[in-house]
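Welcome, and thanks for taking a look at this fold. Please open the sequence and the coordinates side by side; the report below walks through the sheets, the helices and a few residues worth a click.

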Amino acid sequence: MKTIEIRDISKKFGEHVVLNHITVRFQEGSIYGIVGRNGSGKTVLLECICGLIHQDEGTIIVNGKEIGKKVDMADNIGVIIETPGFLPNYSGFRNLQFLMGVNKKVNSSMISAAMKMVGLNPHEKKKVGKYSLGMKQRLGIAQAIMENPDILILDEPLNGLDSAGVDEIRKILLDMKKQGKTILLASHNNEDIQVLCDKVYKMEDGKLVEQNK
């Protein structure tokens, strides 16, 4: 089961209502676009789904488990939320080793495969602090996919990539959709949304409203 079910969730910061009684279901094998202006609540919604922050009301069920009740954070998901943070004095490969090692035994072959998939050389010794913005974004995508998750939660994953890089990552995401993954994609880029997404939702006034493509 690679689904996300959101039932009547709300979230406020002080008196500001960011999420206002949202109910939606995201099915496996599809890419869902989430659009909206800066500060509309897109990132907050993604953080709630991941379990990084908790909603004030309502229920979120990821892969059959209620977030915040049965599990604190969603498992078997790959996440990019805002700018990926890496240790600048280590190589890309070493950074991914650290991140994978947080939860489980490191699988170097999975890390190498993910880096190659996004166009990075796993044997490159260059420190991440010397990476371009596009290289850091590729490394962030490698981190999100390296453990072959069922669900991908991606907030502006194509930022900083040149046109060739955008095409490469789009192909990876479409291939992952064919494998039955559930993918949520927040983006300001209308072309990315049109090319990649099966359904598009707009976040406005705390509500999530389905849009016509």
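Two strands are taken as a pair if DSSP finds at least two bridges between them. With four bridges, strand E6 (residues 77–80) and E7 are joined, and they run parallel. Please keep in mind throughout that this is a predicted model.

## The six-stranded sheet

E6 and E7 belong to an open sheet of six strands, ordered E6-E7-E8-E3-E9-E10, with mixed pairing. E6 and strand E10 (207–211) stand at its edges with a single partner strand each, so one side of each has no neighbour in the sheet. On average, and with direction ignored, neighbouring strands here are turned by 20° against each other.

Valine 79 faces isoleucine 153 in E7. E7 also pairs with strand E8 (residues 182–186), in the parallel sense and over five bridges; there, alanine 186 in E8 is the bridge partner of aspartate 155. On to the next pairing: strand E3 (residues 30–35) is joined to E8 by five bridges, again running parallel, and serine 30 stands opposite threonine 182 in E8. Helix H5 packs on this sheet, where it touches E3, E7 and E8, and its direction makes about 130° with that of E3.

How many of the residues of E7 are buried? Five of its five residues are, so to speak, under cover: E7 is mostly covered. Ile151, Ile153 and Asp155 point one way from the strand, while Leu152 and Leu154 point the other way, and all are buried.

E7, H5 and E8 together make a right-handed β-α-β unit. Glutamate 156 sits in the loop between strand E7 (151–155) and helix H5 (163–178). Glutamate 156 is not a glycine, yet its phi is positive, at about 55°. Its relative accessibility is 13%, and therefore glutamate 156 counts as buried.

## The four-stranded sheet

A second open sheet is built from four strands in the order E2-E1-E4-E5, with antiparallel pairing. Strand E2 (16–26) and E5 are at the edges, and because each has a single partner strand, one side of each is left without a neighbour in the sheet. Strand E1 (residues 4–13) pairs with E4 over five bridges in the antiparallel sense, and isoleucine 6 stands opposite isoleucine 60 in E4. Helix H1 (residues 42–50) packs on this sheet, touching E1, E2 and E4, at about 120° to the direction of E1. H1 also lies across E3, E6, E7, E8, strand E9 (199–204) and E10, running at about 150° to E7.

Another residue with positive phi is asparagine 63, at near 50°, and this too is a residue other than glycine. Asparagine 63 is placed in the loop between strand E4 (57–62) and strand E5 (65–66). With a relative accessibility of 16%, asparagine 63 counts as buried.

## A buried lysine

A polar atom of its side chain lies 2.9 Å from the backbone oxygen of histidine 54. Leaving aside neighbours within four places in sequence, the contacts of lysine 11 include Val17, Leu19, Val44, His54 and Asp56.

## Aromatic pairs

A search of the whole structure turns up three aromatic pairs. Phenylalanine 26 and tyrosine 201 form one that is edge-to-face, with 5.9 Å centre to centre and 90° between the planes. Phenylalanine 26 is in strand E2 and tyrosine 201 in strand E9, so this pair ties together parts that are 175 residues apart in sequence. Phenylalanine 26 is buried at 0% relative accessibility, and tyrosine 201 is buried at 7%.

Tyrosine 90 and phenylalanine 98 also form an edge-to-face pair, at 5.1 Å centre to centre and 85° between the planes. Here tyrosine 90 is partly exposed, with a relative accessible area of 39%, and phenylalanine 98 counts as partly exposed at 30%. Finally, Phe26, Tyr32 and Tyr201 form one aromatic cluster.

Notes: Residues numbered from 1 in each chain as written. Predicted model: local features only at pLDDT ≥ 70, side-chain atom pairs only at ≥ 80, totals over all residues. Heavy atoms only, no water. Helix = DSSP H or I, 4+ residues; strand = E, 2+ residues; numbered from the N terminus. Buried < 20%, exposed > 50% of the residue type's maximum accessible area, 1.4 Å probe, protein only. Contact = heavy atoms within 4.5 Å. Axes fitted to C-alpha atoms, helices over the stretch in contact; angles between N-to-C directions. Polar contact = N/O pair within 3.5 Å; in protein donor to acceptor, adjacent residues only side chain to side chain. Right-handed = clockwise from strand over helix to strand, strands pointing away. Phe/Tyr/Trp six-rings, centres within 6.5 Å; stacked < 30°, edge-to-face > 60°.
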